[in-house]
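Please read the following report alongside the sequence and the coordinates shown here.

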Amino acid sequence: MGPRMSELSQYAILFGLSVGVFGFVLSLYGLARAIGRARAEPGKDVPATAGTLSRDPVWVRYHARYAGYALLFLAFDMEMAFMYPWAVVYREEGLIALLDMGVFLAILFLGLLYGWSQGALRRQ
Amino acid sequence: MSILVVLLSLAAGAYALAVIERWAVHGHLSLTGPAWAALALMGRESLLARKSDRLFFELGPVLLLVAGLMAVAVIPLAPELIITDLATGALFLNAALAYVLVALIMAGWGPNGAYAMIAGWRFLGQFIAYAMLIVMPITAVAMRAESLSTVEIVASQAQLWNVLYQPMGFVLFVVAAMGLAWLPPLDLPDATGELAGGVEAEYTGVRLAVLRLARMVIILALAGATVTFYLGGWLGPWLPAWAWSAIKILVVAAAMLSVGRYMPRIREARYLALSWKLGISLALANIFVVGVIALVVPI
């Protein structure tokens, strides 16, 4: 590939590949269709539950019991947005960078411990 | 040119992985088995469930394949053999793999079936467990390499592979990668024998073939990421660079596939608790330890 291509052409390649995936999948579907089609028969399209359609919409059955984790996850995920640029210049900046991020991570870790003590790390 | 080579090796890798999966999971080795299975899936009826959300149902597997391919695009097989050597490669890998979650929830929601729906939401819980343990170990890798480019990350391991430099990060990353690829024992979203295939329950025929292919690509991408970040990528004596990449990626993928044979499935609550209480603490400690080493030792 030689020297690093310009950023724009790299993203153009990635975009082209994504579009290409759609083309690839469509051609597979076309091929399958040429082999044979689904026969329309009653009852065949009922989801695999117990042979009948459920009375209520199926999404009412699931309760997200990991809400406590999810809130902590938001805080940690934001933190990672700061970590990546910091990681790249870390060795250049040296001890200052370690202390800066050390304080930040310590506060965040205390937050995790506090959440833990309050029962956030439990399946509700 | 290198794009074509990478895509062809991806196809060959996916096939080899399908052979290895049969061998690792079901115990019989057959070189032609996956080809016949794929052909059989093509010929089988592909049904659309009643009252399904057609857009999500159709897009799920395709988006999964796109996510896998985007992740593969930043994994170097040799110094020049990479689709796009982005300056932000390691970050881009995370961004691409985030769509695995979106695709699986779409695939679970789409057919309006109870098993698939439960499986899709379960994967969201699994995501909250593994997500931080993917990004935090990568941070420590980037600290050593002083770059997010995957090529430079491999080059930074010339003296010592990261698996020895930061073994804790390696273990955390591999376990999280298995959660991301929903490999047993962390296979909550397809939980064979418990959710009747979960997300895969309502997919039949050629759509199922695409879903399975996408999953193979994602496993390869994650094995590739493990090799790139921790096992020195293409580095190695005697053999050419691409051969080392291929050998390492297939060995890592085979190892990840066979763990499930020896361990029972882990419940979602337990996985969440383990990841957040033990995993995050270890990942933060890993960043700190690597930070101290990186300042003291010049390699």
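In this predicted model, the C-alpha centres of domain 1 of chain A and domain 2 of chain A lie 37 Å apart. The bounds of these two parts of chain A are residues 1-37 for domain 1 and residues 65-124 for domain 2.

## Overall form of chain B

Chain B contains 11 helices and zero strands, so that its elements, read from the N terminus on, run α-α-α-α-α-α-α-α-α-α-α. The C-alpha trace of chain B spans about 60 × 45 × 35 Å along its principal axes. A compact globule of 299 residues would have a radius of gyration near 19 Å, and because chain B has 19 Å, its value agrees with that expectation. Of the 299 residues of chain B, 60% count as buried, and among the contacts in chain B with a separation of 6 or more, 80% are accounted for by residues 24 or more positions apart.

## The contact between the chains

The contact between the two chains draws 58 residues from chain B and 51 residues from chain A. On the side of chain B that touches chain A, at least two residues each are supplied by α1 (2-26), α2 (33-43), α3 (54-73), α5 (114-145), α9 (205-230) and α11 (268-296) of chain B. The largest share of this side of chain B comes from α5(B), which provides 13 residues. Sorted by class, the side of chain B that touches chain A has 40 nonpolar, 11 polar and seven charged residues.

## Packing of α8(B) and α11(B)

Helix α11(B), already named for its part in the contact with chain A, also packs against α8 (residues 167-180) of chain B, at an angle of about 145° and with the axes of the two helices 9 Å apart. The crossing of α8(B) and α11(B) is left-handed. Which residues of the two helices meet there? From α8(B) come B:Met168, B:Gly169 and B:Leu172, and they meet B:Gly279, B:Leu282, B:Ala283 and B:Asn286 in α11(B). The residues of this contact of α8(B) with α11(B) divide into four nonpolar, three polar and no charged.

## Backbone details in the loops of chain B

The loop between α8 and α9 of chain B holds B:Trp182 and also B:Pro185. B:Pro185 is joined to B:Pro184 by a cis peptide bond, with omega at about 5°. B:Trp182 has a positive phi although this residue is not glycine, and a positive phi is likewise found in B:Trp238, another residue other than glycine. The place of B:Trp238 is in the loop between α9 and α10 (241-258) of chain B. The phi values of the two tryptophans are set out below.

| Residue | Phi |
|---|---|
| B:Trp182 | near 35° |
| B:Trp238 | near 60° |

Is B:Trp182 buried or exposed? Because a residue counts as buried if 20 or more other C-beta atoms lie within 10 Å of its own, B:Trp182, with 24 other C-beta atoms within 10 Å, is buried.

Definitions and conventions:
Residues are numbered from 1 along each chain as its sequence is written. Chains are lettered from A and ligands numbered from 1 in the order in which they are written. This is a predicted model: local features need pLDDT of at least 70, side-chain atom pairs count only at pLDDT 80 or more; totals for chains, interfaces and linings use all residues. Two residues are in contact if their C-beta atoms, placed from the backbone, lie within 7 Å. Helices (H or I, at least four residues) and strands (E, at least two) are DSSP runs, numbered from the N terminus. Ala, Val, Leu, Ile, Met, Phe, Trp, Tyr, Cys and Pro count as nonpolar, Asp, Glu, Lys and Arg as charged, and the others, Gly among them, as polar. Axes are lines fitted to C-alpha atoms, for helices over the stretch in contact, and angles run from 0 to 180 degrees between N-to-C directions. A crossing is left-handed if the near helix is turned anticlockwise from the far one by less than a right angle, and right-handed if clockwise. Domain bounds come from an automatic or database domain assignment. The radius of gyration is taken over C-alpha atoms; the globule rule is 2.2 Å times the number of residues to the power 0.38. A residue is buried if 20 or more other C-beta atoms lie within 10 Å of its own, exposed if 12 or fewer, and partly exposed in between; C-beta atoms are placed from the backbone.
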